[in-house]
Amino acid sequence: DERAGERVERAVLSRTGGAPLVLNLEGVMLPDMPSALDHLVLAMPAGQAIGWLRRLNVAAVNLANNHAMDIGESGYAETTAALDAAGIPWFGQGQRLDMEGVALFGLTDLGTNASQQVDLVDAALLDRLAVADATRPVIAFVHWGEEYVPAPGARELALAEEMRRRGVAAVVGAHPH
């Protein structure tokens, strides 16, 4: 329903003041959606997703999360190709994206739902956070934590401290729902 979409758009833009957003894109964008997906595989039609990213003034997306590889390398490639074609910058695991006045950095401590890997952020990834130009603040977008637990655990607190030691100006965390 387009009216519902317009209400969502107005609500988001009224809260953000229309400012550019950087968001965690949790899922895979596909040009053609399969008729059925496995439980907890997150996918979206690329055209519709790109339309929403534009409507909401999304300036960049983080792909360092546990759903970016839900359909494997091919799904990740489809997602990045759609973002590239739309001119929407993105960054993934261990990648830095320099935007006006800030460096964005993606980290996920959680593997895909299929692999159930955890503790993926290590010293080598953390060391990439340090930048030579201290005038450009680093913002770390980190996908971590235990689902449905509202407070950070010991691992998240330790990782945040390691990020602080490496000069990170802000940590934006996601995943607990």
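**Entry 1: helices H2 and H3**

I looked up the handedness of the crossing and found that H2 passes H3 in a right-handed way; the near helix is then turned clockwise from the far one by less than a right angle. The model is predicted, with local features needing pLDDT of at least 70 and side-chain atom pairs pLDDT 80 or more, while totals for chains, interfaces and linings use all residues. Residues are numbered from 1 along each chain as its sequence is written, and side-chain values use heavy atoms, without hydrogens and water.

I then checked the axes of H2 (residues 46-55) and H3 (residues 72-86): they come within 11 Å and cross at roughly 45 degrees. That makes H2 oblique to H3 (under 35 degrees is roughly parallel, over 145 roughly antiparallel, 65 to 115 roughly perpendicular, the rest oblique).

I listed the contact (heavy atoms within 4.5 Å): Ala46, Ile50, Leu53 and Arg54 of H2 meet Ala82, Leu83 and Ala86 of H3. I sorted these residues into six nonpolar, no polar and one charged.

**Entry 2: the sheet**

I found an open sheet of three strands in the order S1-S4-S5, paired parallel (pairing takes at least two DSSP bridges). S1 (21-24) and S5 (90-91) stand at the edges with a single partner strand each, so one side of each has no neighbour in the sheet. I counted two bridges between S4 (residues 58-62) and S5, and noted Phe91 in S5 as the bridge partner of Asn62.

**Entry 3: Met69**

I placed Met69 in the loop between S4 and H3. Met69 is partly exposed at 26% relative accessible area (buried is under 20%, exposed over 50%, with a 1.4 Å probe and protein chains only). I also noted that its C-alpha atom is separated by 8.6 Å from that of Gly111, 42 residues apart along the chain.

Notes
Axes are lines fitted to C-alpha atoms, for helices over the stretch in contact, and angles run from 0 to 180 degrees between N-to-C directions. Helices (H or I, at least four residues) and strands (E, at least two) are DSSP runs, numbered from the N terminus. Ala, Val, Leu, Ile, Met, Phe, Trp, Tyr, Cys and Pro count as nonpolar, Asp, Glu, Lys and Arg as charged, and the others, Gly among them, as polar.
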